Amino acid sequence: MFAMRTVSEYFGSLVFDDREMRAALTAEVYASLRKTIDEGRKLDITVANAVAFAMKDWALSKGATHFTHWFQPLTGITAEKHDSFIMPAPDGGVIMEFSGKELIKGEPDASSFPNGGLRATFEARGYTAWDPTSYAFIKGKELCIPTAFCSYSGHALDKKTPLLRSMEALNKQALRILRLFGDKKTKCVRPFVGCEQEYFLITKEMYDKRPDLRYTGRTLFGAKPSKGQEMDDHYFGAIKPRVAAYMEELNEELWKLGVLAKTEHNEVAPAQHELAPIYTTANIATDHNQLTMEIMQKVARKHNLICLLHEKPFAGVNGSGKHNNWSIATDSGQNLLSPGETPYENAQFLLVLCAVIKAVDDYQDLLRIGVATAGNDHRLGANEAPPAVISIFLGDELTGVLEAIETDTPYQGVKATQMKLGVDVLPKFRRDTTDRNRTSPFAFTGNKFEFRMVGSSDSIACSNIMLNTAVAESLKIYADRLEGAADFETALHEMIRKTIKDHKRIIFNGNGYDGSWIKEAMEKRGLMNLRATPDAVPHLLDKKNVDMLTRHGVYSEEELKSRYEITLGNYCKTVIIEANTMADMARTQIAPAVEEYIAALANTASAKKVLDSTLDCGYEKELIWRLSVLNVKISVKVKELEESMQSLASVKEIGEKAALIRDTVLERMEELREGCDEAETLTAKKYWPYPSYGDLLFSV
Ligand code: ADP
Ligand code: MG
C-alpha cells in the first residue's frame, strides 16, 4: 500500500532520475549521458537508443502505456501529445517500443499554438527536442519527456528554449569573471530558483455558481464582504482540516514527481495559501512550477475544491503572486551571492552584487515585461502587492557598505573599516526581515534576490530569462573591461564604485507601498512606472533591449517580435473574454434579479396598502427607487461596454488595440461593476444570482 511507505521511499518514484539512470544504464552509457546533462555535450544516437530502451522499461514497470514530449508553448501552460508505445508484432499482438529517435525529437503539429507570425502556414509542423537536463517523469499513464519546442526554421516557439539559452549566456559570462578571480576549476555556473506559489482554495459548489470564475478565473463582480483580511487572523493561522487533507495529498503527488515541496502555510487573505519548494536550477524549477500548478488544480478537484491561480481573484482582497528567489552558484555549490570569508571572495561577491544592481536598473522594463499579463496588472500597484515600479531592497547594512565604497569613507558598521576591495573583510550580512523588505519588488535576502512581481499564474520562465540575461550583460561589460586591465584590483574597485554611483537610484530601502514612493521614484529618480501590460510590452522592441537579448543569443529579433505579438494578443483576448462575460452576467442574470426583487417589493407594498392604506411603505418605495435607478445605470453601462468592444474592430495593430482596451474597455468594466456591486448590497440575498464574496472566501 502506497500510504504505508515513507516519504523517502516514494520521493521521486515517478521520475526517471539519476538513481534510476545509474541502475538501468551501463556504466558507459550513463557516463556519456551525464556529460550531456552536466556539460551540454551532444548526445550520440546509440546512447539515446540505450537511454530510450531503459526509460521505456522503467515506464512500463510503472504502468505507463504512452509517451509524450512535454513542452511549454507560449500559451503559458504546458502541452503534450500522446503516443502509445505499441508496435504491431507479426503474430497479431503488439510489442512495446520506444526509440532513441522518438526520445530526442518529436513533431507535433505546431499550427494550433501561438507563434506570433514565426511560422508560415505552409510549415505547420514544429519539432520538440529532448532537454536531458530535466528528468523524464510519469503522469497518469504517460511517460513525459521535458522538451524544447521550435519551428522548423529553428525559431523558439516556447519558453524553455530561451530559458536554456539565458542560462548558457549567464554561465559563459560568469565563468569569465571567476577566471579573473583566479578560479580555474569551476566548470559551470547556473542560476538557482526557489519559487513560492500563492493560491486560493474555494469549494467547487461555490465556484460552479460563478460564471466569471469559470470563464475567467476571477470574480468580475462582488461587493466587499463584511469580514475580509482586516483581522490578520489567517496568515500563518491554523490550517483547516479540509485544507490540510488537500495539502497532504498535494505534497504526496508532488513528492512522487520529485518536486521538493517544502513549506506550506496560510496567506494574508482568507482562503489564500502558499506552497514553497526547495530551490533548484532555474530550468528544473520552471518545469516543477508548471507541474505544481497543474497538480494543485487536479488534486483540488478530487477534494471537491477549486484552486484559483489568478493574480487577483477577488477585488479588494490580497492578490496572489510568486516570489522568485534567485541566486547563482557554481558546480561545486559556491553561491556567488553569498558574502565570503576572504577579501577576494568578498570582492567577487560585491562585483556580482553590482552586476545585479546594474542589470535591474538598466533593464527595469524587461523585468516588468517578464511579468506582464492582464491578470497581474490588477495586482501590481494594488496596495498590498509590489508596485509596478522596480527597485531593489538591500537593507541598511549592505547599503552602508556600498555607500562607504562609493565615497571612500570608513564603513560605520560593526566596526569602522575602510572599504578597500581585496583588502578588507566584509561583515556578515544578516538577513533583513523588516516590513520594508516585504514591500520591495526585488529584495536581497541574505544570499539570494527575491523577485516578487511574478504573477501567481505566470510561468516563471520569462522573468528568469530576463534576469539571467540582464545579469549576463552586466558581467560581460565587467569582464570585457577587467580582462584588459593593467592593474586588476584598481580597475575592479573603480568599476564597483562606478556601478554604485550610476545605479544607486534603483536602491530603495523604504516602504514600497507608500504613495510618496511612486512620486519620488518617477520624479526624483527617473525610474520607470509601467503600470499596465500595454505600457510595458512595446519596450520589448526598444533597440537597447533587442540589441542586448540578441547579443547573448537568447532571442532573435523575429522571436522578440513574436513575443510582442503574443503577449499583447493574450492581453487583448483575456480582457475581451472578461468583458463579454461581464456584459452577459449583468444583462441575463444581475439586471433580471434586481427586477425580480423590485417586483417583490412592489407586491409587498401593494399588499400592505390593501391590508391597511395607512401602513407605511417608505422602506419599499425607497429601495424600489434606488434599485430602479441602479438598474437603468447597469443597462446603460452594459451598452457602453459593448460599444467600447465594437470600436476595437477597426484597430489592427496589436499594440494600439491593447492600449485602447486599457483606456476604454477596462474602464467601462469598472463602471459596470460599480453599479452591480451596489445593487448587490441592496438586494435581498435570496434574489442575488451568485454567492457573495463572504460565501466564496469562507466556503472551505
Ligand atoms: P521566506 O521568503 O518565506 O521567508 P525562505 O527564505 O526560507 O522563505 O525561502 C523562500 C524560497 O527561497 C524557498 O523556495 C527556498 O528554497 C528558496 N531559496 C533559499 N535559498 C536560495 C538560494 N540560494 N537560491 C535560490 N533560492 C533559494
Ligand atoms: Mg518570500
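**The shell around ligand 1**

Modeller: Three strands each supply at least two residues of the shell around ligand 1: β10 (189-203), β12 (272-277) and β15 (322-330). This is a predicted model. Among the strands, start with β10. β10 gives the most to the shell, with four residues. The shell around ligand 1 has 15 residues, and those that come nearest are Gly194, Tyr279, Asn325, Ser327 and Lys448. By type, the residues of the shell divide into seven nonpolar, six polar and two charged.

How far can the prediction be trusted? The protein chain averages a pLDDT of 91. A score of at least 70 is reached by 93% of the residues. For the complex, the predictor gives an ipTM of 0.97 and a pTM of 0.93. One caution applies. Where pLDDT is low, the predicted coordinates should not be read in detail.

Stay with β10 for a moment. Val189 has its place in this strand. Is Val189 buried or exposed? Val189 is buried, because 22 other C-beta atoms lie within 10 Å, and the cut-off for buried is 20 or more. Which residues does Val189 touch, leaving aside its neighbours within four places in sequence? Val189 is in contact with Leu170, Asn171, Ala174, Leu175, Ile328 and Thr330. Val189 and Leu482 are 293 residues apart in sequence. In space, their C-alpha atoms are 19 Å apart.

Now turn to β12. Ala271 sits in the loop between β11 (261-266) and β12. Its backbone deserves a look. Most residues other than glycine have a negative phi. Ala271 is not a glycine, yet has a positive phi of about 70 degrees. Ala271 also counts as buried, because there are 24 C-beta neighbours inside 10 Å.

Asp408 is not a glycine either, and has a positive phi of about 55 degrees. Asp408 lies in the loop between α14 (396-407) and β17 (410-411). The cut-off for exposed is 12 or fewer.

Next, step back to the domains. The domain assignment of the protein chain gives domain 1 (2-158), domain 2 (166-555) and domain 3 (570-697). Between the centres of domain 2 and domain 3, taken over C-alpha atoms, the separation is 39 Å. How many residues of each are in contact? There are 25 residues of domain 2 in contact with 26 residues of domain 3. On the domain 2 side, α8 (211-216) and α19 (533-536) each supply at least two residues. The helix α8 gives the most to that side, with four residues. The residues of that side divide into 15 nonpolar, five polar and five charged.

Another helix to find is α18 (residues 515-524). This helix is hardly covered: among its ten residues, the count of buried residues is one. Just after α18 comes Gly526, with a positive phi of about 65 degrees.

Look also at Ala110. Ala110 lies in the loop between β6 (105-106) and β7 (126-130). Ala110 counts as buried, because 22 C-beta neighbours lie inside 10 Å. Ala110 and Tyr152 are 42 residues apart in sequence. From C-alpha to C-alpha, they are 9.8 Å apart in space.

Finally, take in the whole chain. The protein chain has 24 helices and 20 strands. Its radius of gyration is 28 Å, close to the 27 Å that the globule rule gives for 700 residues, so the chain is as compact as a globular protein of that length. Along its principal axes, the C-alpha trace spans about 100 × 85 × 55 Å. Of the 700 residues, 47% count as buried. Take the contacts with a separation of 6 or more: residues 24 or more positions apart account for 75% of them.

To return to your request, keep β10 in view. That strand gives the most to the shell around ligand 1, with four residues, and the buried Val189 has its place there.

Definitions and conventions: Residues are numbered from 1 along each chain as its sequence is written. Chains are lettered from A and ligands numbered from 1 in the order in which they are written. This is a predicted model: local features need pLDDT of at least 70, side-chain atom pairs count only at pLDDT 80 or more; totals for chains, interfaces and linings use all residues. A residue is near a molecule or strand if its C-beta atom, placed from the backbone, lies within 6 Å of it. Ala, Val, Leu, Ile, Met, Phe, Trp, Tyr, Cys and Pro count as nonpolar, Asp, Glu, Lys and Arg as charged, and the others, Gly among them, as polar. pLDDT is the predictor's confidence in each residue, from 0 to 100. Domain bounds come from an automatic or database domain assignment. Two residues are in contact if their C-beta atoms, placed from the backbone, lie within 7 Å. The radius of gyration is taken over C-alpha atoms; the globule rule is 2.2 Å times the number of residues to the power 0.38.
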